[in-house]
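Let's take a walk through this protein and look at how some of its charged side chains pair up. Have the 3D view ready and follow along.

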Amino acid sequence: MSRIHTSVTGRRLVKRGTAGLAVLLLAGALAACGSAAAGGSAGSITLYSGQHEQTTQSLVDAFEQQTGIQVNVRYNDEDSFADEIVAEASHPIADVFYTENSPVLEYLQTQGLLAPVDASTLAKTASKYNSPQGDWVGVSARVSVLIYNPSLISESQLPTSVLQLANPQYKGKLAFAAGETDFQPVVTSVARTYGDAKATTWLEGIKANAGSHIYPDNETIADEVNRGAVAFGVVNQYYWYRMKAELGASNLHSKITYFAPHDPGYVVDVSGAGILKSSKNKADAQKFLAFIVSKQGQEIIARSTSYEYPLDDGVTTTAPETPFADLRPNPISIADLGDGSTAISLLRQAGLL
């Protein structure tokens with residue numbers, strides 16, 4: 001039985017730790033038809049991927065060709081997978097979990113569900129981008145930006161601080177995706193900088209400003225800004241580069257810019273991968289993690305159409321974007337970003353989830 005590939009464009013937050021009946025039933029069904037892949041002989045691993053399909057598949061194809069190890073890939077949004085992994089504790093399916101953002105990996109780490117990553121693999125990525133506990137490895141990165149339509153708002157009129165998004169002058173002009181896991185790190189960054197109370201007030205302000213422009217995902221924000229339905233929004237940079245590549249220069253009516261250097265809205269977030277403690281194929285799973293942070297794996301990411309930043313210092317993206325070393329984000333650490341629970345709580349308090 002193969003899992004239906006769900007869209008990876010709408011990464012919705014779900015209620016972690018309280019997986020519903022549907023998730024439990026799905027986990028049981030997958031266990032019935034997928035246990036051989038998860039617990040079978042060496043030479044096969046099951047990968048749960050919340051990452052972009054094109055990037056994941058390119059890495060998987062190259063890894064299989066190099067090692068002969070078969071990778072059974074299942075795609076879904078990362079928070080749904082996190083709940084499934086918790087629900088599958090008594091009948092494990094996945095060997096490796098590959099995500100777009102670090103908080104969901106930190107969540108599983110706090111639940112004691114991840115195995116230590118080989119030290120030689122962790123050493124391939126700068127320690128500040130890895131699990132503080134060594135239970136997952138950073139693979140690639142992205143940075144939050146403002147996407148705007150110059151025909152509706154000039155760059156000089158845009159906010160330079162994330163707190164300014166709540167200013168009444170932007171009422172009806174702002175778009176954001178409250179349910180995107182990509183938005184969690186920005187909320188956490190604001191809360192860590194200014195405190196939960198101010199972060200809640202800020203969320204209430206941007207909710208009022210956005211009105212009907214609270215969208216399900218970053219792709220929708222990029223599309224709506226580009227076609228002139230809303231003036232500007234908050235996304236990660238690679239959504240704009242992907243749109244530019246897909247539409248062509250003649251159909252591109254938007255631009256991107258950054259918040260002021262070190263502003264809490266200027267956040268670098270890390271995509272990572274970890275091995276499930278319950279995996280029966282840990283040796284092969286470790287090989288997969290080692291591959292995706294190797295020079296070959298990082299070059300694949302650099303050339304992919306996901307337009308993320310590889311984390312190997314010696315590999316640079318082929319996209320004509322700001323070099324990773326030149327970014328000036330808020331110096332919030334992976335540990336400070338945590339497991340996303342603070343962001344989810346604050347978003348709920350503001351009535352955004």
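How far apart along helix α10 are Asp-284 and Lys-287? They sit three residues apart, which puts about one helical turn between them. Keep in mind that this is a predicted model. These two side chains form a salt bridge, with their closest N and O atoms 3.9 Å apart. Side chains of opposite charge can pair when their charged atoms come close. Asp-284 is buried at 7% relative accessibility, whereas Lys-287 is partly exposed at 46%.

Now slide along to helix α11, residues 295-303. Here Arg-303 and Glu-299 are four residues apart, again about one helical turn, and their side chains meet in a salt bridge at 3.8 Å, N to O. Arg-303 is exposed, with a relative accessible area of 53%, and Glu-299 counts as partly exposed at 29%. Elsewhere, salt bridges with shared partners link Glu-100, Arg-142, Asp-182 and Glu-308 into one network.

Asp-182 and Arg-142 meet in a salt bridge of 3.6 Å, N to O. Asp-182 belongs to the loop between β6 and α6, while Arg-142 is in strand β5, so the pair ties together parts that are 40 residues apart in sequence. Both ends are tucked away: Asp-182 is buried at 6%, and Arg-142 is buried at 0%.

Just past the helix, Gly-195 takes a positive phi of about 95°.

Methods:
Residues numbered from 1 in each chain as written. Predicted model: local features only at pLDDT ≥ 70, side-chain atom pairs only at ≥ 80, totals over all residues. Heavy atoms only, no water. Helix = DSSP H or I, 4+ residues; strand = E, 2+ residues; numbered from the N terminus. Salt bridge = Lys/Arg side-chain N within 4 Å of Asp/Glu carboxyl O. Buried < 20%, exposed > 50% of the residue type's maximum accessible area, 1.4 Å probe, protein only.
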